[in-house]
Amino acid sequence: MLKLLTTSLFAAGILVAAPVHAELVSVTQLGKFIDTSSDDAGYWKVKYLGGANTGNRTNEENFNWQTARATNSEEYKDVYSVGVVRAGEINWNVNIPWISPYSDTVGANGYYSYKASFDDKVDLSGFTDPEVQFNGLSIDFASDDHLHAILINGEVYPGFSAESFDYPGWTQKLTHIWMTDIAQWWNVGGTNTIEFIVHNNNSGSNYRDNLNPTGFSADIQAAYLVRTNNIPEPETYAMMLVGLSIVGMIARRRKQV
(Lines give C-alpha, C1' and ligand atoms only; values in the text may rest on other atoms or scores of the structure.)
Protein backbone atom coordinates (compact mmCIF):
# COMPACT_ATOMS: atom_id res chain seq x y z
CA MET A 1 0.00 0.00 0.00
CA LEU A 2 2.82 2.40 0.90
CA LYS A 3 4.60 1.58 -2.35
CA LEU A 4 1.41 2.27 -4.33
CA LEU A 5 0.93 5.61 -2.54
CA THR A 6 4.56 6.57 -3.12
CA THR A 7 4.31 5.72 -6.83
CA SER A 8 1.11 7.76 -7.15
CA LEU A 9 2.65 10.76 -5.44
CA PHE A 10 5.71 10.48 -7.66
CA ALA A 11 3.54 10.46 -10.79
CA ALA A 12 1.55 13.43 -9.49
CA GLY A 13 4.77 15.32 -8.81
CA ILE A 14 5.95 14.77 -12.40
CA LEU A 15 2.63 15.96 -13.77
CA VAL A 16 2.67 19.10 -11.65
CA ALA A 17 6.30 19.79 -12.48
CA ALA A 18 5.77 19.47 -16.23
CA PRO A 19 5.23 22.84 -17.97
CA VAL A 20 1.81 23.58 -19.35
CA HIS A 21 1.64 23.13 -23.12
CA ALA A 22 1.84 26.57 -24.75
CA GLU A 23 -0.41 27.64 -27.61
CA LEU A 24 0.82 29.71 -30.55
CA VAL A 25 0.03 33.39 -30.12
CA SER A 26 0.76 36.58 -32.06
CA VAL A 27 2.27 39.59 -30.33
CA THR A 28 3.42 42.98 -31.62
CA GLN A 29 7.10 43.74 -31.23
CA LEU A 30 8.54 47.20 -31.96
CA GLY A 31 11.74 47.63 -33.94
CA LYS A 32 14.50 50.16 -33.42
CA PHE A 33 13.39 53.76 -32.79
CA ILE A 34 15.41 56.46 -34.54
CA ASP A 35 14.86 60.18 -34.86
CA THR A 36 16.73 63.28 -35.94
CA SER A 37 18.02 64.11 -32.48
CA SER A 38 21.71 64.78 -31.93
CA ASP A 39 22.20 61.32 -30.44
CA ASP A 40 21.03 59.64 -33.64
CA ALA A 41 22.46 62.17 -36.10
CA GLY A 42 24.91 59.56 -37.38
CA TYR A 43 22.08 57.72 -39.10
CA TRP A 44 21.10 60.72 -41.21
CA LYS A 45 22.65 61.97 -44.45
CA VAL A 46 21.59 64.67 -46.91
CA LYS A 47 22.21 65.50 -50.56
CA TYR A 48 21.22 68.51 -52.67
CA LEU A 49 19.43 67.41 -55.85
CA GLY A 50 19.11 70.76 -57.59
CA GLY A 51 16.14 72.71 -58.87
CA ALA A 52 17.13 76.10 -57.51
CA ASN A 53 14.79 78.90 -58.50
CA THR A 54 15.84 80.72 -61.63
CA GLY A 55 13.16 83.39 -61.37
CA ASN A 56 10.26 81.38 -62.77
CA ARG A 57 8.26 79.46 -60.20
CA THR A 58 6.65 77.19 -62.79
CA ASN A 59 10.07 76.05 -63.97
CA GLU A 60 11.02 75.11 -60.46
CA GLU A 61 7.78 73.24 -59.83
CA ASN A 62 8.38 71.20 -63.00
CA PHE A 63 11.87 70.18 -61.94
CA ASN A 64 12.11 66.37 -62.10
CA TRP A 65 13.60 65.35 -58.76
CA GLN A 66 13.35 61.62 -59.63
CA THR A 67 15.67 62.06 -62.61
CA ALA A 68 17.99 64.29 -60.59
CA ARG A 69 18.08 61.73 -57.78
CA ALA A 70 18.94 58.93 -60.20
CA THR A 71 21.67 60.86 -62.04
CA ASN A 72 23.17 62.94 -59.23
CA SER A 73 26.61 61.52 -58.49
CA GLU A 74 27.34 63.64 -55.43
CA GLU A 75 27.93 61.85 -52.15
CA TYR A 76 25.51 62.13 -49.26
CA LYS A 77 26.89 64.35 -46.51
CA ASP A 78 26.51 64.41 -42.75
CA VAL A 79 23.68 66.55 -41.45
CA TYR A 80 23.93 69.23 -38.79
CA SER A 81 21.75 69.31 -35.71
CA VAL A 82 19.90 72.60 -35.29
CA GLY A 83 20.04 73.69 -31.67
CA VAL A 84 17.17 75.12 -29.68
CA VAL A 85 18.55 78.66 -29.82
CA ARG A 86 18.95 78.66 -33.58
CA ALA A 87 15.55 76.99 -34.09
CA GLY A 88 13.97 79.76 -32.04
CA GLU A 89 15.73 82.43 -34.08
CA ILE A 90 14.21 81.14 -37.32
CA ASN A 91 10.81 80.41 -35.77
CA TRP A 92 10.98 76.64 -35.88
CA ASN A 93 9.36 74.51 -33.19
CA VAL A 94 12.00 74.18 -30.47
CA ASN A 95 10.43 71.00 -29.06
CA ILE A 96 11.41 68.67 -31.91
CA PRO A 97 14.90 67.72 -33.19
CA TRP A 98 15.72 69.53 -36.44
CA ILE A 99 18.51 68.71 -38.86
CA SER A 100 19.89 70.75 -41.76
CA PRO A 101 22.47 70.36 -44.53
CA TYR A 102 24.31 73.43 -43.23
CA SER A 103 25.73 74.38 -39.87
CA ASP A 104 24.09 77.80 -40.06
CA THR A 105 20.85 76.35 -41.57
CA VAL A 106 21.31 78.49 -44.71
CA GLY A 107 21.21 76.97 -48.16
CA ALA A 108 20.00 77.19 -51.74
CA ASN A 109 16.43 76.73 -52.84
CA GLY A 110 15.66 73.43 -54.51
CA TYR A 111 15.25 69.76 -53.66
CA TYR A 112 17.08 67.89 -50.91
CA SER A 113 17.16 64.20 -50.08
CA TYR A 114 17.32 63.39 -46.35
CA LYS A 115 18.14 59.72 -45.84
CA ALA A 116 18.47 57.43 -42.81
CA SER A 117 19.85 53.88 -43.01
CA PHE A 118 19.76 51.62 -39.97
CA ASP A 119 19.86 47.96 -38.99
CA ASP A 120 16.42 47.29 -37.58
CA LYS A 121 17.06 44.11 -35.62
CA VAL A 122 14.04 42.74 -33.78
CA ASP A 123 14.49 41.84 -30.10
CA LEU A 124 13.31 38.25 -29.92
CA SER A 125 14.81 37.39 -26.54
CA GLY A 126 12.39 35.31 -24.49
CA PHE A 127 10.34 34.14 -27.46
CA THR A 128 10.04 30.45 -28.32
CA ASP A 129 10.38 29.48 -32.00
CA PRO A 130 9.37 32.95 -33.26
CA GLU A 131 8.07 33.66 -36.75
CA VAL A 132 8.43 37.36 -37.62
CA GLN A 133 6.67 39.44 -40.25
CA PHE A 134 6.52 43.17 -40.96
CA ASN A 135 3.36 44.78 -39.58
CA GLY A 136 3.70 48.52 -40.26
CA LEU A 137 5.85 51.61 -40.11
CA SER A 138 5.20 54.69 -38.01
CA ILE A 139 6.67 57.98 -39.29
CA ASP A 140 6.24 61.41 -37.73
CA PHE A 141 7.84 64.23 -39.69
CA ALA A 142 8.04 67.99 -39.90
CA SER A 143 9.50 70.09 -42.70
CA ASP A 144 10.03 73.81 -42.83
CA ASP A 145 9.03 73.76 -46.51
CA HIS A 146 7.44 71.15 -48.79
CA LEU A 147 7.79 67.39 -48.38
CA HIS A 148 7.40 65.83 -51.81
CA ALA A 149 7.96 62.11 -51.35
CA ILE A 150 8.83 59.33 -48.93
CA LEU A 151 10.92 56.42 -50.21
CA ILE A 152 11.28 53.03 -48.51
CA ASN A 153 14.41 51.16 -49.60
CA GLY A 154 14.44 53.19 -52.81
CA GLU A 155 10.75 52.72 -53.65
CA VAL A 156 8.41 55.74 -53.62
CA TYR A 157 5.63 55.20 -51.09
CA PRO A 158 2.41 55.80 -53.07
CA GLY A 159 0.28 56.60 -50.04
CA PHE A 160 1.82 60.05 -49.57
CA SER A 161 0.90 63.01 -51.78
CA ALA A 162 3.38 65.79 -52.44
CA GLU A 163 2.74 68.95 -50.44
CA SER A 164 1.62 71.92 -52.45
CA PHE A 165 3.86 74.83 -53.43
CA ASP A 166 0.89 77.17 -53.05
CA TYR A 167 1.32 78.88 -49.72
CA PRO A 168 3.38 81.90 -48.70
CA GLY A 169 6.46 81.30 -46.64
CA TRP A 170 6.73 78.06 -44.70
CA THR A 171 4.37 76.16 -42.44
CA GLN A 172 5.40 73.35 -40.18
CA LYS A 173 3.60 70.09 -40.79
CA LEU A 174 3.73 67.26 -38.28
CA THR A 175 2.11 64.17 -39.73
CA HIS A 176 1.76 60.59 -38.53
CA ILE A 177 1.77 57.88 -41.18
CA TRP A 178 1.05 54.22 -40.49
CA MET A 179 2.22 52.19 -43.48
CA THR A 180 0.92 48.65 -43.79
CA ASP A 181 1.23 48.02 -47.52
CA ILE A 182 5.02 48.06 -47.96
CA ALA A 183 5.85 44.62 -46.61
CA GLN A 184 7.47 43.64 -49.90
CA TRP A 185 9.93 46.54 -49.55
CA TRP A 186 10.89 46.05 -45.93
CA ASN A 187 13.77 43.87 -44.74
CA VAL A 188 12.45 42.23 -41.60
CA GLY A 189 15.11 42.45 -38.94
CA GLY A 190 17.66 43.82 -41.42
CA THR A 191 19.03 47.03 -42.90
CA ASN A 192 16.43 49.50 -44.18
CA THR A 193 16.61 52.96 -45.71
CA ILE A 194 14.04 55.74 -45.30
CA GLU A 195 14.37 58.75 -47.60
CA PHE A 196 12.51 62.07 -47.61
CA ILE A 197 12.49 64.45 -50.58
CA VAL A 198 12.16 68.02 -49.27
CA HIS A 199 11.79 71.13 -51.40
CA ASN A 200 13.32 74.26 -49.88
CA ASN A 201 11.36 77.43 -50.57
CA ASN A 202 12.10 80.98 -49.53
CA SER A 203 10.14 82.06 -46.48
CA GLY A 204 10.60 85.76 -47.15
CA SER A 205 8.84 88.15 -49.50
CA ASN A 206 11.47 87.70 -52.19
CA TYR A 207 10.95 84.20 -53.58
CA ARG A 208 14.21 84.36 -55.55
CA ASP A 209 16.26 84.84 -52.40
CA ASN A 210 18.51 81.75 -52.34
CA LEU A 211 19.65 82.17 -48.75
CA ASN A 212 16.69 80.42 -47.21
CA PRO A 213 16.99 77.98 -44.31
CA THR A 214 16.01 74.37 -44.91
CA GLY A 215 15.30 71.90 -42.14
CA PHE A 216 13.74 68.53 -41.45
CA SER A 217 12.65 66.53 -38.40
CA ALA A 218 11.37 62.97 -38.11
CA ASP A 219 11.09 59.88 -35.97
CA ILE A 220 10.66 56.36 -37.30
CA GLN A 221 9.74 52.99 -35.81
CA ALA A 222 8.62 49.73 -37.40
CA ALA A 223 6.26 47.21 -35.83
CA TYR A 224 6.48 43.46 -36.29
CA LEU A 225 4.03 40.64 -35.77
CA VAL A 226 5.76 37.86 -33.87
CA ARG A 227 4.06 34.47 -33.91
CA THR A 228 5.45 32.47 -31.02
CA ASN A 229 4.79 29.99 -28.23
CA ASN A 230 3.59 31.50 -25.00
CA ILE A 231 6.28 32.37 -22.51
CA PRO A 232 5.35 30.51 -19.29
CA GLU A 233 3.43 32.61 -16.79
CA PRO A 234 4.76 33.04 -13.21
CA GLU A 235 2.01 30.70 -12.00
CA THR A 236 3.38 27.97 -14.26
CA TYR A 237 6.83 28.32 -12.73
CA ALA A 238 5.28 28.14 -9.26
CA MET A 239 3.51 24.90 -10.14
CA MET A 240 6.77 23.51 -11.47
CA LEU A 241 8.53 24.30 -8.18
CA VAL A 242 5.76 22.62 -6.20
CA GLY A 243 5.99 19.56 -8.39
CA LEU A 244 9.75 19.40 -8.04
CA SER A 245 9.41 19.73 -4.28
CA ILE A 246 7.07 16.73 -4.22
CA VAL A 247 9.51 14.73 -6.31
CA GLY A 248 12.28 15.66 -3.86
CA MET A 249 10.20 14.60 -0.84
CA ILE A 250 9.44 11.25 -2.46
CA ALA A 251 13.11 10.71 -3.26
CA ARG A 252 14.10 11.40 0.36
CA ARG A 253 11.32 9.08 1.64
CA ARG A 254 12.61 6.27 -0.57
CA LYS A 255 16.12 6.64 0.85
CA GLN A 256 14.72 6.40 4.38
CA VAL A 257 12.80 3.24 3.50
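K45 is partly exposed, at 28% relative accessible area (buried means under 20%, exposed over 50%, partly exposed in between; 1.4 Å probe, protein chains only). This is a predicted model, in which local features need pLDDT of at least 70, side-chain atom pairs count only at pLDDT 80 or more, and totals for chains, interfaces and linings use all residues. Residues are numbered from 1 along each chain as its sequence is written, and side-chain values use heavy atoms, with hydrogens and water left out.

**View A. K45 pairs with D78.** The two form a salt bridge (a side-chain nitrogen of Lys or Arg within 4 Å of a carboxyl oxygen of Asp or Glu). Their closest N and O atoms are 2.2 Å apart. K45 sits in strand β3 (residues 44-50) and D78 in strand β4 (residues 77-78), so the contact ties together parts 33 residues apart in sequence. Helices (H or I, at least four residues) and strands (E, at least two) are DSSP runs, numbered from the N terminus.

**View B. R69 forms a salt bridge with E195.** Here the closest N and O atoms lie 2.9 Å apart. The pair links distant parts of the chain, 126 residues apart: R69 in helix α3 (residues 65-71) and E195 in strand β12 (residues 191-200). R69 is partly exposed at 26% relative accessibility. E195 is buried at 3%.

**View C. R86 forms a salt bridge with E89.** The closest N and O atoms are 3.1 Å apart. Both residues belong to helix α4 (residues 84-89); they are 3 residues apart, so about one helical turn separates them. R86 is partly exposed at 29%, while E89 is exposed at 52%.
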